[in-house]
Amino acid sequence: MATAARWISSPAVSVSGGGGALGGPASIPCRRLRLRPLMVRRRESGDELVRTLLIDNYDSYTYNIFQELSVVNRLPPVVIYNDEWTWEYIHHCLYGNKSFDNIVISPGPGSPMCPTDIGVCLHILRECGDIPILGVCLGHQALGFVHGAKITHAPEPIHGRLSEIQHTGCDLFDKIPSGKNSGFKVVRYHSLVIEPDSLSDELVPIAWATSDRTTSFLQIINGASNLGLSNNNNNNNNINNSNNNNKVLMGVMHSTKPHYGVQFHPESIATSYGRQIFENFKKMTIDFGLRTKILQDRKVSDVNGKLNGSLKATKAVNNRLIVQNDLIRVEPTENEIKYLKLKWKKIEGLANKAGGSGNIFREIFGDNNAKDTFWLDSSSTDHNRARFSFMGGKGGPLWKQISFRLIDQKCKTGGNLLIRDVNGSVTTRFLKDGFFDFLNKEIESFKYDEKDFEGLPFGFYGGFVGFLGYGLKVECGASSNKHKSNSPDACLFFSDNLIAIDHLNNDIYLLSLHHINNHRTTNPNQNQWISETEKKLIRLATQPKTPNGKSTKPKPTSFNWQNSTFTPEKSKTEYLNSVRKCLSLITEGESYELCLTNQIKKRLKKEINLLKLYFKLRERNPAPYAAWLNFDQEKLAVCCSSPERFLKLDGLGVLEAKPIKGTVSRGNTLEEDQRLKLQLQYSEKDQAENLMIVDLLRNDLGRVCQPGTVQVPLLMEIQSYSTVHTMVSTITGHKQSHITPVDCIKSAFPGGSMTGAPKLRSMELLDSIESGPRGVYSGSVGFICYSGGFDLNVVIRTVVWEDGEVSVGAGGAVVGMSEEEEEWEEMRLKAKVPLMVVEQIERQMEEEEFDVAGTGTGTGTGTGTGMSFVRVESS
């Protein structure tokens, strides 16, 4: 009959004041249409609890609406997909049990004319004439379509750009100013519109864009004069239908039913007065008449037995949101519980004396090709971007390597897990419920004393380190992977012995983790590892430093694309054709933004020193979320210089994402560099790209965070690195107590900056356009601590070596304003440094071989710095 709704149990949240970030004058006086209430009008009060059914059209902004409604209504809405409940069951909930006071229909990709895009929404709009309904974007278009209006292409696709709004002053826009320079500016994400001339008498237009010209967010907050734009102070708010005929319709209402639609997105971070619109809709619902008689009947936990029973029975479809975890999660048995004990030692002020993190890693872990080692390397610590680095190799009895490969490339088909312990023994098992489920059970099985890590200034004390591949998207809602990756879909170490370096205070921490069984340790050598490693570090600090232990400023080097022996999966012609496909899909409303990528590959003919390659990459492109991973048995190494954080969870339950959208090269002179930086900062296209992903990440965090806690502390900040300027935003939120750390990762994976929006539809479209799997690229590298905290990057600016072949992934976000040639050049800019480093190392190895052959000295097995060659098969 009906599957389970998605519901979050959370305490009531007090309603904050109305209005958006930008103020303005009072609304103009205008005749307001009054609707006959269904029931006796109740006392107007912000304390009223209102229950909303939120219909999700598979959008990536639905949970931004969820967050707003949770705060405004003082109850979280129930969220269902547009094809998740039958109309019969919805009718039963609405009229049989009177479970909801109003309905909100979300945005979404596609068109209301396509049944699979709009699902049950048209039926609801036709049949629920006595229930207040608010449609947003696609929901707005559906309201028009149901009543005979024509849906047509907008004058141009508008995504992530802002318009000023003129409105009639109806109840939906109460207390909101109107017209040019009024302060009422909204974010638009749409390619289709309702044709104004096609409106029937049943529909009343209530809002329009004041101009065909859109603007960007920073232009607005800094004022038009800052950019040399003319400032039109004409604020004529008189409603004149003849003047509005040529303007894009931004809002409609039904003449007799409590049904409203807005084409823009009130939930966007950059829309002013968005909260006020939702508060007005709540007030209109109360005025119309709440559908239950007493307050207690409207409490979330007591909506109705049938609905609540279905919540207890199952998770959400496609694992869109994990709900009521305390009811569905199976606690580990006593035999499955692992009691962990941590010991650690701090060595103050030793890091620089030992030659820095690079020298420490090389000397402690660089022998034997640095195989089965990791290094989460904050090689760019300026501007407080990163503070700690973590490194480790094969450790004690708890150490293991796990590799996971999907058995099929479709959703919910599971996969094969391989586990190799510290002694080399291998076990395999099939994971029916997938890798994230396994990871979640592993983290849940760990028991520990929080006092063990009191005093540590970082959040990684041991646990899983490695990568999550892009293909795991099929465990996060995507329907399938069209392309199968040769590399594992996830590969991680469980690290029980590790070194942490505090770059701020120059301190080194040695950490060792062991399992307690019947109050006895399973690692009697735990103290020995700490003691021996400390001795090595002290000896290292007293040794004369070699040039290899120091980082020098890299010499400027160019990369010749024409002479390069790398081969892109898509040639320039093919890539430009792919950009055109993306633009066509965006024009048709199938996506707002598509993050198109390309893989550039090369099979190596000679041996290459992979660790030396990573050192050269971190020298050329230092980054706060850089990483080295070497999985010897998988013949796989990852040399990553990522500047982008995917997601972090700290010990206080705070989630943080730092997506990058908008990249430009550094200038050759200070003047050119500053000009390029400002050009990026005020680029309407780059701001639109960034804003779309910010709203997407707000949505992803909104699925697992407490209502009202999702914030954007930094929006569109320009950060400069050695080779590029980037536009970075920061999104934070407080995790709900019953949501697990792995649930948080799953809710946001893969990072929205690598997919586009709406995420699910965009990933599906990109699979059909791109030529091969992304593999490690576009996934995440980082740690997941046994205590539950994690910090994961987005795998970009990365060289992946796999059994003799190196690959570099690169791409960019295609939006409605994209130019084909510019997208090709952006892709090449992002790939340039990693490709250049590979060719530099190849030339250097050839020169060293020549020197050895000419002098008759050397063995050809190393460089004298503890870094040996990795041999590969010739092609």
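Strands β29 (residues 711-720) and β30 pair in the antiparallel sense over six bridges, two strands being paired if DSSP finds at least two bridges between them. The model is predicted, so that local features need pLDDT of at least 70 and side-chain atom pairs count only at pLDDT 80 or more, whereas totals for chains, interfaces and linings use all residues. Residues are numbered from 1 along each chain as its sequence is written, and side-chain values use heavy atoms, with hydrogens and water left out. Strands are DSSP runs (E, at least two residues) numbered from the N terminus.

A hairpin of three residues connects β29 to β30, and Ser720 lies opposite His725 in β30. His725 also faces Val664, and β28 (residues 660-665) pairs with β30 in the antiparallel sense over four bridges. Antiparallel pairing over four bridges likewise links β27 (residues 654-658) to β30, where Glu656 stands opposite Thr732. Because 10 of the 11 residues of β30 (residues 724-734) are buried, this strand is largely enclosed by the rest of the structure; buried denotes under 20% relative accessible area (1.4 Å probe, protein chains only).

The largest cavity has a volume of about 150 Å³. Of the 19 residues lining this cavity, Lys661, Met754, Ile796, Gly811 and Lys830 are the closest to its centre. A cavity is a set of points, on a 1 Å grid over the protein atoms alone, where a 1.4 Å probe fits but cannot get out; lining residues have an atom within 4 Å of a point. The volume is the space filled by probe spheres set on the points. β35 (805-814) contributes the most to the lining, with five residues.

Notes
Buried < 20%, exposed > 50% of the residue type's maximum accessible area, 1.4 Å probe, protein only. 1 Å grid on protein atoms, 1.4 Å probe; cavity = no way out; pocket = protein on both sides within 12 Å on 5 of 7 lines; lining within 4 Å.
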